[in-house]
Amino acid sequence: MNRWVAYWNIMVKDMLTYYLKPPNISWGLIFPVAWTGMFFIKSGRGAESIPALLPGVMAVSILFGTTSMLAVTVTFEKKNRSFQRLLLAPVPLELLMLAKTSGAILFGSLNALVPVVLALFLADLSQVSWLTIFPAVVLIAMVSTFQGLFIAVSVSEVFEAQTFSNFFRFPMIFLCGLFFPIDALPIYLQPLSYLVPLTYGADILHGAIFQNNIMPLAVDFLVITFFCLALFYFSLKNIHKKWII
Amino acid sequence: MIPSEISSAENTPAPLIQVDQLTKRFDDVAAVDGISFDVQEGELFGFLGPNGAGKTTTINLLTGLARPDEGSIRVAGLSCTPNPKAAQKFIGVVPDESNLYPELTGFDNLCFCAALYGLRKKERRKRARELLDAFGLREAAHRKMAVYSKGMKRKLTIAAGIIHRPRILFLDEPTTGIDVGSARQLRQLVRKLHRAGTTIFLTTHYIEEAERLCERIAFIVKGRIVRTATIQDLLEPVQAKRSMLISVAQVPATLGAELSSAFKHLEIQTVSEGKVRVDSTESISLGPLVRFIEERGAVVTEARRLIPSLEEVFVQVTGIEAAAMRKEKGKRGPKK
């Protein structure tokens, strides 16, 4: 039996059913444009300030693109019992959940490219290290998706998934150093920043665009990978504990 | 060694499902309490019991959706106790409520389910079309499942359960909540699948359904199996008995007692007001009974022979009155 047939079809089904729908596509386009516009107007500077906005807008696009849908769709499928159909398939749970999250990772990564494509037309991005940007985008998409998964498997109602997603997402945006440097945060909030996976993703993006990362990029990549593995592991553990009782 | 010397034990194939001392508790309540049974290849095995008896929990345990607290499960020769996913490729499951995707069409739902079992694109499309035809859903193939009727949804769920040609099909209350016509069609489909060689494990709280479809039945009550036997073996004791139900108007209060003392060779029972049940191991002569009743001023309005049914056996074995099962039917049963 080819398990990858199952993997591919779960991912394609989720992309077509949930992600590539007009409301999500329009959200994926409008959201980065609105954020860029908002910071651009607030900065009062010209097009040269756009690269400075890029890490923040990219990271926020990924974060919202991944977590908003995944947490809700998994909870929804659990509630209407179609998730049971997946649990009955002869596919290891790890591969099953990877398939379930791949759509969100891909969608989040595509969302990150929207501000990049816009910036290409408006500003000089010659200093950007694309070889660092692309793996960083995928890793940020993965960590955000697994965070959504962790929320989805910890709650039982769709509204709880939405509430918890926002509960984590909004503080993260302000703690991760994207819009306010971590050392400019109140001293008692700074340790919290280092507990947020997005901090390391934001640092990679800053490093790739301005070479002003505060931690070595290898450390950033390692820590964010560790967060991915830990969130995925605890999500699977939760599924075993709560859904296969 | 010549074939005749081979022992019968060696000749008997291993059961396709072997369950031994299976227990599942939810907090302090044992939903399944030390049950053991075997299902042979090609058999249509019924699990009959009232709601909350542990039927669905048993299916969940056998299909890997739940983990047992104690006991062992072997499916198709594979031990599923340490690894519930071990035998999932051999089994198809049709739950009591559809677990398909309402936002997908019937055709897409079947293709997706086939993909979960690794079927290639060409094969899954071919198989989906075959099943949609066989289940009379061809016209609705490209409509979203959300707009299907209950009967259509149930048919599609069964089609999804057999899309990968499983050796064992688990059917959980297949006709609950659907109309009489659809229920009849579904029972025909189940028979057809069984004739084609699929081993079927069917749970139901409809006694008549179990009697019509199954070869062997286990009665389950409060998580425990109280009897397992073939339909023939279960019916044998009641078939040896002759029974009649006499409906009487203007019944004197003492009629039951008077009948019992006058016809000592018969078992007389007043089952409800105006209804007297007569049982005997020999043939029952109706004439003397009717004369005796009418001499006491009552009027016999009807007398009919009771055909022995599984319902009686169920009541005898489990102590659960058929009326209680009917009440469940009223709540969840086929719509008239």
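**Where the two chains meet**

Biologist: How many residues does the contact take from chain A and from chain B?
Modeller: This is a predicted model, so what follows describes the prediction. Two residues are in contact if their C-beta atoms lie within 7 Å. The contact takes 20 residues from chain A, and from chain B it takes 21 residues.

Biologist: Which element of chain A gives the most to the side that touches chain B?
Modeller: The elements of chain A that give two or more residues to this side are α1 (3-19) and α4 (82-87). By class, the side of chain A that touches chain B has 11 nonpolar, five polar and four charged residues. The element that gives the most, with six residues, is α1(A).

**Chain A**

Biologist: How many helices and how many strands are there in chain A?
Modeller: Reading from the N terminus on, the elements of chain A run α-α-α-α-α-α-α-α-α-α. The count for chain A is therefore 10 helices and zero strands.

Biologist: What radius of gyration does chain A have, and what would a compact globule have?
Modeller: The C-alpha atoms of chain A fill a box of roughly 55 × 40 × 35 Å, taken along the principal axes. For 245 residues, a compact globule would have a radius of gyration near 18 Å, and the value for chain A agrees with this, being 18 Å.

Biologist: What percentage of the residues of chain A count as buried?
Modeller: A residue is buried if 20 or more other C-beta atoms lie within 10 Å of its own. Among the contacts in chain A with a separation of 6 or more, residues 24 or more positions apart account for 80%. Of the 245 residues of chain A, the share that counts as buried is 44%.

Biologist: Is α3(A) roughly parallel or roughly antiparallel to α7(A)?
Modeller: Helix α3 (residues 50-79) and helix α7 (residues 158-175) of chain A pack with their axes 9 Å apart, at an angle of about 160 degrees. Angles over 145 degrees count as roughly antiparallel. That angle therefore makes the relation of α3(A) to α7(A) roughly antiparallel.

Biologist: Which classes of residue make up the contact of α3(A) with α7(A)?
Modeller: The crossing of these two helices, α3(A) and α7(A), is right-handed. Residues including V60(A), L63(A) and F76(A) of α3(A) make the contact, together with residues of α7(A) including A161(A), R169(A) and I173(A). By class, the contact of α3(A) with α7(A) has eight nonpolar, five polar and two charged residues.

**Chain B**

Biologist: How many helices and strands are there in chain B?
Modeller: Along its principal axes, the C-alpha trace of chain B spans about 80 × 60 × 50 Å. Buried residues make up 40% of the 336 residues in chain B. Its elements come to 12 helices and 14 strands.

Biologist: Is α3(B) oblique or roughly antiparallel to α4(B)?
Modeller: Helix α3 (residues 106-116) and helix α4 (residues 121-134) of chain B pack at an angle of about 130 degrees, with their axes 9 Å apart. Only angles over 145 degrees count as roughly antiparallel, and those of 65 to 115 degrees count as roughly perpendicular. That makes the relation of α3(B) to α4(B) oblique.

Biologist: Which residues does V19(B) touch, not counting those up to four places away in sequence?
Modeller: V19(B) lies in strand β1 (residues 17-26) of chain B, and it is buried, with 24 other C-beta atoms within 10 Å. The C-alpha atoms of V19(B) and I35(B), which are 16 residues apart along the chain, are separated by 7.3 Å. Not counting residues up to four places away in sequence, V19(B) touches I35(B), S36(B), F37(B) and I73(B).

Biologist: Does Q21(B) count as buried or exposed?
Modeller: Q21(B) lies in strand β1 of chain B, and it has a positive phi of about 50 degrees although it is not a glycine. Because Q21(B) has 12 C-beta neighbours inside 10 Å, it counts as exposed.

Biologist: Is E173(B) buried or exposed?
Modeller: E173(B) lies in the loop between β7 (168-172) and α6 (180-195) of chain B. Although E173(B) is not a glycine, it has a positive phi of about 45 degrees. With 23 other C-beta atoms within 10 Å, E173(B) is buried.

Definitions and conventions:
Residues are numbered from 1 along each chain as its sequence is written. Chains are lettered from A and ligands numbered from 1 in the order in which they are written. This is a predicted model: local features need pLDDT of at least 70, side-chain atom pairs count only at pLDDT 80 or more; totals for chains, interfaces and linings use all residues. Axes are lines fitted to C-alpha atoms, for helices over the stretch in contact, and angles run from 0 to 180 degrees between N-to-C directions. Helices (H or I, at least four residues) and strands (E, at least two) are DSSP runs, numbered from the N terminus. Angles under 35 degrees count as roughly parallel, over 145 as roughly antiparallel, 65 to 115 as roughly perpendicular and the rest as oblique. A crossing is left-handed if the near helix is turned anticlockwise from the far one by less than a right angle, and right-handed if clockwise. Ala, Val, Leu, Ile, Met, Phe, Trp, Tyr, Cys and Pro count as nonpolar, Asp, Glu, Lys and Arg as charged, and the others, Gly among them, as polar. The radius of gyration is taken over C-alpha atoms; the globule rule is 2.2 Å times the number of residues to the power 0.38.
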